[in-house]
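Please consult the sequence and the coordinates alongside the text.

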Amino acid sequence: MYRPFLEHLEKELFSKFDLRSRPIPAGLEANVSNRGKNQATIQSWCYECTELRKIRYTYIDAGAAAQVFNSVIYPSYHYDIPLLGIDLLSFGKNKIIVVLDIQPLFQEESYLNKYIEPMRSLREKYNDFAQNLEMKFYDANQYFSKYLLFAKTDVETVQTTFFRAYQDYIRFYWQMLEQAEIIETEAEIQKIVKAQKDYDQYSAERDPASGLFSSYFGHEWSEKFLYEFLFEDAVPLAVPTTA
Ligand code: BLA
């Protein structure tokens with residue numbers, strides 16, 4: 001269901017950047033589950049280039065039971081621009097959730113004015129996907145912009161209007177990257193490094209997908225996938241040991 005979204009992103013990336021493969025730890029690039037009746041496959045891709053230090057995307061295909069396309073693009077530490085975050089989910093016909101955002105690294109007003117306010121007119125084209133849904137896992141005020149698209153929708157809308165919104169958000173993100181100034185000051189770079197690391201830590205701890213991965217691929221694989229690939233700069237929380 002989300003293959004055209006993967007293909008669009010891939011085509012854009014390969015035509016605009018000089019990509020190198022970025023290694024995925026052995027055993028985490030793909031997996032197949034035969035638990036239960038539904039076969040599920042998961043596959044991931046990871047690249048880097050001068051402007052983008054980590055580009056990852058993952059497709060989960062469990063037939064009608066689940067289709068997921070998830071991606072995060074992390075810019076080079078020499079840019080303070082937001083990350084691009086994509087999370088497109090479908091669990092049967094009646095639970096289709098799409099999330100798409102240009103995710104701010106900082107919540108300071110000057111930063112939001114510089115990078116998030118310019119998204120306003122873009123977002124206004126797609127108000128149907130800004131449904132103000134409540135977040136149960138994440139905090140909407142951390143690493144999300146106020147112009148994120150977050151909607152419950154249907155297959156037909158995903159394939160038409162939402163696909164246009166997706167292409168527009170990606171185009172907007174490339175423009176933001178093109179216009180970004182290169183940061184050379186060590187202190188500023190360190191601030192960006194820390195913010196991107198904090199994003200991984202925050203996301204790894206809250207990711208609602210860990211249950212989904214565990215149910216298909218087991219707890220151990222799921223933890224490795226989260227901490228060694230998806231959010232590799234996160235450190236697993238200490239597990240309390242029995243005294
Ligand atoms: C929600 N994302 C979810 C849910 C799942 C995933 C299972 C819960 C859906 C529900 O039952 O309500 C799935 N998340 C994944 C998968 C991966 C993942 C498969 O990271 C990895 C392969 N999530 C992101 C990114 C964004 C994001 C980059 O990974 C930003 C656009 C957003 N996902 C996001 C939000 C929700 C969500 C906002 C709703 C969570 C909430 O209610 O707090």
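## Basis of the model

The structure is a predicted model, in which local features need pLDDT of at least 70 and side-chain atom pairs count only at pLDDT 80 or more, while totals for chains, interfaces and linings use all residues. Residues are numbered from 1 along each chain as its sequence is written, and side-chain values use heavy atoms, with hydrogens and water left out.

## Cysteines

Zero disulfides are found in a search of the whole structure, a disulfide being a pair of cysteine sulfur atoms within 2.5 Å. Cysteine 46 takes part in no disulfide, and the nearest cysteine sulfur, which belongs to cysteine 49, is 11 Å away. Likewise, cysteine 49 is in no disulfide, with the sulfur of cysteine 46 as its nearest cysteine sulfur at 11 Å.

Cysteine 46 is buried, at a relative accessible area of 4%, and cysteine 49 is also buried, at 5% relative accessibility. Here buried means under 20% relative accessible area, exposed means over 50%, and partly exposed lies in between, with a 1.4 Å probe and protein chains only.

## Salt bridges

The model holds 16 salt bridges, each defined as a side-chain nitrogen of Lys or Arg within 4 Å of a carboxyl oxygen of Asp or Glu. In one of them, arginine 22 pairs with glutamate 48, and the closest N and O atoms are 3.9 Å apart. Because arginine 22 lies in the loop between strand 1 (20–21) and strand 2 (30–33), and glutamate 48 in strand 3 (residues 40–48), this pair ties together parts that are 26 residues apart in sequence. Helices (H or I, at least four residues) and strands (E, at least two) are DSSP runs, numbered from the N terminus. Arginine 22 is buried, with a relative accessible area of 15%, whereas glutamate 48 is partly exposed at 23%. A network of salt bridges links Arg20, Arg22, Glu48, Lys54 and Glu232.

Arginine 120 and glutamate 117 also form a salt bridge, with an N to O distance of 3.8 Å. Both partners are partly exposed: arginine 120 has 40% relative accessibility and glutamate 117 has 27%. A further salt bridge joins aspartate 198 to lysine 194 at 2.7 Å, N to O. These two residues both lie in helix 5 (residues 186–206), four residues apart, which is about one turn of the helix. Aspartate 198 is partly exposed, at 30% relative accessibility.

## Nonpolar core

The largest nonpolar core has 90 residues, of which Leu13, Phe69, Phe162 and Tyr166 touch the most other members. Helix 4 (residues 155–179) supplies the largest share of this core, 12 residues. A nonpolar core is a set of buried Ala, Val, Leu, Ile, Met, Phe, Trp, Tyr and Cys residues joined through side-chain atoms within 4.5 Å.

With residues up to four places away in sequence not counted, tyrosine 166 touches Phe5, Leu6, His8, Leu9, Phe69, Ile86 and Leu100. Contact here means heavy atoms within 4.5 Å.

## Ligand surroundings

There are 27 residues around the ligand, and Asp87, Lys95, Lys136, Phe137 and Asp207 come nearest. A residue is near a molecule if one of its heavy atoms lies within 4 Å of it.

## Helix 7

Helix 7 (residues 219–230) has the buried residues Trp221, Ser222, Phe225, Leu226, Tyr227, Phe229 and Leu230. Their cover includes strand 2, strand 3, strand 4 (52–62), strand 5 (66–75), helix 5 and helix 6 (209–217).

## Positive phi angles

Most residues other than glycine have a negative phi. Asparagine 132, however, has a positive phi, near 50°, and tyrosine 143 has a positive phi near 65°. Asparagine 132 lies in the loop between helix 3 (120–124) and strand 8 (149–153), and tyrosine 143 lies in the loop between helix 3 and strand 8. Asparagine 132 is exposed, at 77% relative accessibility, whereas tyrosine 143 is buried, at 9%.
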